[in-house]
Amino acid sequence: MTEKTNILQTIIIGSGPAGYTAAIYAARAEMNPIIITGLEVGGQLTTTTEVENFPGFPDGITGPEMMTQLQKQAEKFGTTINIDTVTEVLFGQNFGDLHTVKTISGKEYKTKTVIIATGASAKYLGKEFEKNYRGGGVSACATCDGFFYRGKNVVVVGGGDTAAEEATYLAKICKTVFMLVRKDYLKASKIMQERVDMTTNIVLMYNTELKDIKGENNLVSQAIVVDNQTKEEKILDVDGIFIAIGHKPNTEIFKGKLDMDETGYLHIKPFSTETNISGVFAAGDVADKRYRQAITAAGAGCMAALDAEKYLSFLEHN
């Protein structure tokens, strides 16, 4: 049978910790999973230099190395990995209906179940200087990378809940946290504002934006900031800069097809990974706006594979 007519047990969209873990469990359950990687093979972790908070790696491991290991493990049990990008999914509307997955390369798959693990992307400022220091002091995850700046000075860019959470977390381990707020007020919720106000080593800098970054060998040593009202510039001696202006779930192609919140995070049923469409499951950052950790994504990938296996078993016996 051709690829267009062969009916698959499951397709996993995305190749981060959630996708690969789902594949490991699905492959061991003889579901013959196919992973369609997406543009960023390995997901967000491929941009992280060192991972020290994933269980089982006491000496740490680089993000790319971890994803390579997860890929090998998934392939070991029989997962097929296609470096391709999904452009459209036509979801069956009734229980037991097949789903059609189309990719940018022109391939088309029919599948009984779909596991969506497309993740979320941190929002960045979009500046060239920001890209130059990515992995060398510029980060979008305090809980992932904050440890490296213990006792040092850092900058947090943003004024919403994400920035307030990152700043208060970093304040526990860093010497000083400079919080750059573009407006003359915080957009964060009242309780988060109170936490910021009560934290003595957070320095709030209103009407202030990040203009440039300086350093040697792509390692941050200074932040050049500007007052957007007076145009006055200041130099902050810092080792880390955390961009905390939110995350964007990678769910564009599912809009109007799957239930999601106003920011694009997929809705899943309580204590499961089930979406509003039968046979379609979501795992990892694509449905998690709260934790956003590699370990929680991996756990959700396991859950999604088990949910998909249970769904397939039910189809087979009914």
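## Helix α7 and its cover

The buried residues of helix α7 are covered by elements that include β1 (7-13), α1 (17-28), β6 (108-116) and β17 (280-282). Cover here rests on contact, meaning heavy atoms within 4.5 Å. Helices (H or I, at least four residues) and strands (E, at least two) are DSSP runs, numbered from the N terminus. Before going on, please keep in mind that this is a predicted model, in which local features need pLDDT of at least 70, side-chain atom pairs count only at pLDDT 80 or more, and totals for chains, interfaces and linings use all residues. Residues are numbered from 1 along each chain as its sequence is written, and side-chain values use heavy atoms, with hydrogens and water left out.

Which residues of α7 are buried? Among them are Ala294, Ala297, Ala298, Ala300, Gly301, Cys302, Asp307 and Tyr311. Buried means under 20% relative accessible area, exposed over 50%, and partly exposed in between (1.4 Å probe, protein chains only). Cys302 counts as buried because its relative accessibility is 16%. The helix also passes a simple length check: its 23 residues (294-316) should span 33 Å at 1.5 Å a residue, and its end C-alpha atoms are 33 Å apart, which agrees. The expected span is 1.5 Å times one less than the number of residues.

## The cysteines

There is one disulfide in the structure, and it joins Cys141 to Cys144, with an S to S distance of 2.1 Å. The cut-off for a disulfide is a pair of cysteine sulfur atoms within 2.5 Å. The torsion about this S-S bond is about 70 degrees, so the disulfide is right-handed.

Cys174 is in no disulfide, and the nearest cysteine sulfur, that of Cys141, is 13 Å away. With 6% relative accessibility, Cys174 counts as buried.

Leu236 belongs to strand β14 (residues 233-237) and counts as buried because its relative accessibility is 8%. Leaving out residues up to four places away in sequence, Leu236 touches Val155, Phe178, Leu180, Met205, Ser221, Gln222, Ala223 and Val225. Thr200 is 36 residues from Leu236 in sequence, and their C-alpha atoms are 18 Å apart.

Lys231 is found in the loop between β13 (219-227) and β14. Lys231 is exposed, at 59% relative accessibility, and has a positive phi of about 70 degrees although it is not a glycine. Asn207, in the loop between β11 (202-206) and β12, also has a positive phi, near 50 degrees, and is likewise not a glycine.

## The second largest pocket

The second largest pocket holds about 460 Å³ of space. Of its 23 lining residues, Leu125, Val157, Gly158, Arg182 and Ile245 lie nearest its centre. Two or more lining residues come from each of α5 (161-171), β10 (176-181) and β12 (208-216), with β12 giving the largest share, four residues. On a 1 Å grid over the protein atoms alone, a pocket is an open set of points where a 1.4 Å probe fits, with protein on both sides within 12 Å along at least five of seven lines; lining residues have an atom within 4 Å of a point. Grid points are joined across faces, edges and corners, and the volume is the space filled by probe spheres set on them.

How many lining residues are nonpolar, polar and charged? The lining divides into ten nonpolar, six polar and seven charged residues. Ala, Val, Leu, Ile, Met, Phe, Trp, Tyr, Cys and Pro count as nonpolar, Asp, Glu, Lys and Arg as charged, and the others, Gly among them, as polar.
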